[in-house]
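Here is a friendly briefing on one helix pair and one group of aromatic rings. Please have a look at the model first.

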Amino acid sequence: MSLEPIDHNRVNLDQENLLHRIIDRIRRSLELKDILQATAVEVGEFLGTDRIKIYQFQTDGSGRVVAESIQNDCIPSLLGLTFPADDIPLHARELFAKSRARSIVNVDTQEIGQIALEAVETSIAFADLEYRAVDPCHVEYLTAMGVVSSLVMPLLVHDRLWGLFVSHHSEPRQIPEIEVRAVQLVVDQLSVAIAQSTLTTQARAKAAQETAINRITCLLHSLSTIELQAALEETVTTLQGSGGRLWIRPEALDFYPSDRPDATVPSCSVRLYTAGVQPEIPAEARYPMMEQYSAWREFFKSGEQPVWDIQNLYKEPGLRNLQFAFRPTSIRGILIVPLWYRHQLLGYLSVFRDEIETEILWAGQVDPDRRQRPAQLSFEVWKESKRGQAQPWTTDDVEMLQTLGKQFATAIQQYEMHQHLQTLNASLEAQVEERTAQLKQATEQQQILFEVVTKMRQSLDLNTIFKTLTQEVRRSLEVDRVGVYRFDPDSEFNDGEFIAEDVSPKFPSALSAKIYDHCFGESYATLYCNGRIQALADIHAADIKECFWSILDQFHVKALLTVPLLKGNQLWGLLCIHQCDRPRVWHPSEIQFATQVAAQLGVALEQSNLLAQTQNQTEQLKQTLHDLRKTQNQLVQTEKMSSLGQLVAGVAHEINNPVNFIYGNLNHVNDYAHDLLKLVEIYQAQCPNPPVEVSEQLEAIDLDFLAEDLPKTLSSMKVGAERIRQIVLSLRNFSRLDQAEMKPVDIHEGLESTLLILQHRLKAKADTSGIELVKEYGDLPQVDCYAGQLNQVFMNVLSNAIDALEEAEGQRSKAGARSTKTPTIRIRTERLGSDRVLIRIGDNGLGIPENLKLQVFDAFFTTKPIGKGTGMGLSISYEIVVEKHGGIFKCSSQLDQGTEFWIEIPVRPI
C-alpha cells in the first residue's frame, strides 16, 4: 500500500456513515467481542481490502487475532490463531507505543513508510512521507501470508499498546489520505470502546466480588447461627477453586494461658472444615492435618506475609514433605491466608485449584486451501498442548481471599467470645442457683429449727417436744426415720430405748424397743461424750462391729446419721436419723442441721435454763437469717451492677468504632458532595442546552432539590453521629462499676452517665407526663473516689426519686385530681470549703413521713409495694458514702413537698 494524496476539503459521505455506524454499535453493545468484530466488518466493507484483522497482545508477549473480516475469500482466515512474541519485535512495539506510528508497507516495491499520530493530527501532507526499504524478513513474513500491501495502526488504551488494527490486501493498492484519516478515527473510537469495556469488566468483577463477600459475611456474622461450612463452600466457589479448608488452631481460642489449671476449652469442637477436593494424608503420616506441618509455621512466623500464593505446589520447596498427599489428586495451586485477630493467629483459610490442560493454535496451520500455500513456506503448522499446568492466582484472587480471611477471623473470634460469655453466664447462673438453693435450704432448716425452738419454748413437756422435733426433722431432711434414743442411766450406756420416733409407714417402728448393745458402752460412749457425730452413707460398706450391724439390720437401716444428745456435760441419748430404702451421702449442711437440732434438744433437757437458752438461740437465729438475707441481696445487687457495667462497656466499645468511622468520613463526604454539585453547576453554566437524555435524567432526579437537600442531609447525619458519640462517651463513663481502687474523677460525668441510663424513665409515657430535670452544677474539683460505687449511689437515689414522682402522679390520677406542678428532679452540686464536695438530689414528690425517715437507710426497709423494691438500695448507698468514702449521707423530707438526699464526700480520702 502507498498513500494517494487527495483534497482535504472533500467530504466523504461513506466516511461519516462508517463513523456513525461504529459509534452506534459501541453505544448499543457492552460486549467487546461484538464491537471488535462489527468494526472489522464495517472497515473491511469501507476500504474494500481483502482482510481486516484486530490483533491483541497477550501477557506473555504473543498476540492473537481476536476479530477479522475477509473480503472476496482471497486470503485465508487467521481468526483465533496465536502469533509468537518475536513476530513483532520489541523495538517495533516501542515505536507503536511511544511514537504512535502508523505503518504502510508495499511488498512489490519493498518499501515501508511510517508516520506518527501527531503528524496526522497537524495535517502534514502525506506526500512528504518518506519511504525506506523494508526489512527482508518482514517482506518474507507478509509474502508468506499472501499479503502484498498492508496498513497497521496501533490500538492504545491509557497510553498502553493493547493491540494492532491491520488491513491486508493481496494486490498492490493505493491508500487515499482520507481513508487513512477515516481509519484513524475508527481506531480512536475503538480505543475508547476498549477502555470502556475494560472498565465495565472491572466494575462487573468488583460488583460480583462485593456480592460474594456480602453473602459470605452474612453467613459468618450471625452469632447464634455462624455458618463456617457454608461460608467455606461459598469462598471456594467464588474463587473458582476445586476445594478448600478452614483450619482453626485448637489452642488459638483459649481465653486463658494453657498452663492455667482453670483454662477453658473453646466451644467450637470442630477444628477443620473442608469443601471439595482434599489432599489425602495417610494414617501413618506424622501429622493428620497439613496445616500442622512446619511449612505453614515457617512461612508465616514473621507475621509479615499476608498470603501464601502457591502457583505450582510441586515447585514450592517448602512443600516437599507434603507433596505425597497431593499426588493422588489434581490439585496444583494453593492460596493460603492466615487468620489473624489482633496479633493472634487463629488458623488458616486455604483454597485449592486443579491442574488444567492448555492448547494453543499457532499461526501457520496447514489449510487445504491452495491460496495458503505461500504461507506454508514460512510457517510451520503446530498445535501446542500442555497438561498439568497451574492456573495462576490473580491479584484480585489474592485480595479477595485476604478480605475474606479478615471476615473469617473476626467472625470466629466474635463467635467464640459470644460462646465463652454464654458459658460464663451459664456458669454464673448455675453458681447463683446453687448458692441460692443452699441458702434456701439453710434458711428452711434454720426456720424449722426456729419453729422447733419456738415450740420448745411454748411447752416444757419433753414428749411434746420430741414428737414435734422428729416430725419436723424427718420432713426437712426427707428421711425414713428420725428417733430419739435414751440411754438407761444405770447401764453404763449399754441399754436404752427409742422414746420418740417419726417413721415412714413402709418400715417397722423402733418405738419402745429395748436395745442391749455392749459394743457402745465399751467402744463409743466416751467418743460421743466428746461430741462425736457418726455419718454412714452405706452401713454395708462401713467398717463397723458385728453387734452394731445386727441392731441396724433389725430396723432395715441402710444409711444413718447419729448425733449425741448432751445434758450439760453428760451423754443423755442419741438423735438417730435413718435412711432405710437406699444408701445416702449426708451433706455437711444436713449434718450441721442435725447437730443444731440435737443441741436444742440438749437445751430442752436442761429445764432450769430452758427459757434463757431458747431466747438466746432465737436471737442468734434471727440475726443469722437477717445476715443471710442481707448478704444475698447485696451479692445480687452487686452482681447486677457489675453485669450492667460490663454490658454497657461492651455495647459502648462495639458502637464506638463504627461511629468514629462514620463521623470521621462525614466531612470528606460533605466536601465531595460540594465539589460534585459545584461541578454540575459549572457544567450547567457551560452547557445550558444539554442533550435530551441528560435533560430527562436531570428532571427525573430533580437536581435542584437534590442540591438543596443533600447538604442538609449530611448536616443532620453529622449531628446524629455527634450525638451517638456523646452517648457512647457517657456509657463508657458509667461502665466503671468494677473499679476496685480510688481514682480522681469528675462527679458531673458520673451524674450525666447515670442520667443517660435512666433517660427512658424521665420521658413522657402514655399514662404519665415527663419528668423535668433541673441541673445546677457548681465548680467541682476532681474527687478521689470509687467511681463505679459512687455511680451506684447516684443510680439508687435517682431511681428512688423517679419512683416517688411516678407514685405521686399515680395517686393523683386515681383521685382524678390535676397536678398543679410539674414532676421535677433537681440536682445541685457545690464545693464545701477546700476539702469537701456536696451533691444534693431532690424531688417534688409526696415526701416521706416523719416516723419513717429514720428507717430509710435500714436494710430491707422499703415503703414500696411488694415486688417493687428490696429495701437494699439506700442501705448499700449509705455504706458506700459513709463507710467507704468517709462522707455524710442524710435525707430531708416534707410531706407533699418532696425529698432531698444530701451526699457529702471529701475531695481526698481521709
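A212, R215, I216, L219 and L220 in α6 meet L228, A230, A231, E234, T235 and T238 in α7, where contact means heavy atoms within 4.5 Å. This is a predicted model, in which local features need pLDDT of at least 70 and side-chain atom pairs count only at pLDDT 80 or more, while totals for chains, interfaces and linings use all residues. Residues are numbered from 1 along each chain as its sequence is written, and side-chain values use heavy atoms, leaving out hydrogens and water.

- The residues of the contact of α6 with α7 divide into seven nonpolar, two polar and two charged (Ala, Val, Leu, Ile, Met, Phe, Trp, Tyr, Cys and Pro count as nonpolar, Asp, Glu, Lys and Arg as charged, and the others, Gly among them, as polar).
- Helix α6 spans residues 177-220 and helix α7 residues 228-238; they pack at an angle of about 165 degrees, with axes 8 Å apart.
- Those axes are lines fitted to C-alpha atoms, for helices over the stretch in contact, and angles run from 0 to 180 degrees between N-to-C directions.
- α6 and α7 are therefore roughly antiparallel to each other, a label for angles over 145 degrees.
- α6 passes α7 in a left-handed crossing, meaning that the near helix is turned anticlockwise from the far one by less than a right angle.

**The aromatic rings**

- A search of the whole structure finds 15 aromatic pairs; rings of Phe, Tyr and Trp (its six-membered ring) pair if their centres lie within 6.5 Å, and planes under 30 degrees apart count as stacked, over 60 as edge-to-face and the rest as tilted.
- One of these pairs joins F299 and F300 edge-to-face, at 5.0 Å centre to centre and 80 degrees between the planes.
- F299 is partly exposed, with a relative accessible area of 25%, whereas F300 counts as buried at 3% (buried means under 20%, exposed over 50%, partly exposed in between, with a 1.4 Å probe and protein chains only).
- F300 also forms a tilted pair with Y348, at 5.6 Å centre to centre and 35 degrees between the planes.
- F300 lies in helix α8 (residues 294-300) and Y348 in strand β15 (residues 344-354), so this pair ties together parts 48 residues apart in sequence.
- W247, W296, F299, F300, W308 and Y348 form one aromatic cluster.

**The whole chain**

- The protein chain has 23 helices and 30 strands, taken as DSSP runs (helices H or I, at least four residues; strands E, at least two) numbered from the N terminus.
- Buried residues make up 42% of its 910 residues.

Notes. Parallel < 35°, antiparallel > 145°, perpendicular 65-115°, else oblique.
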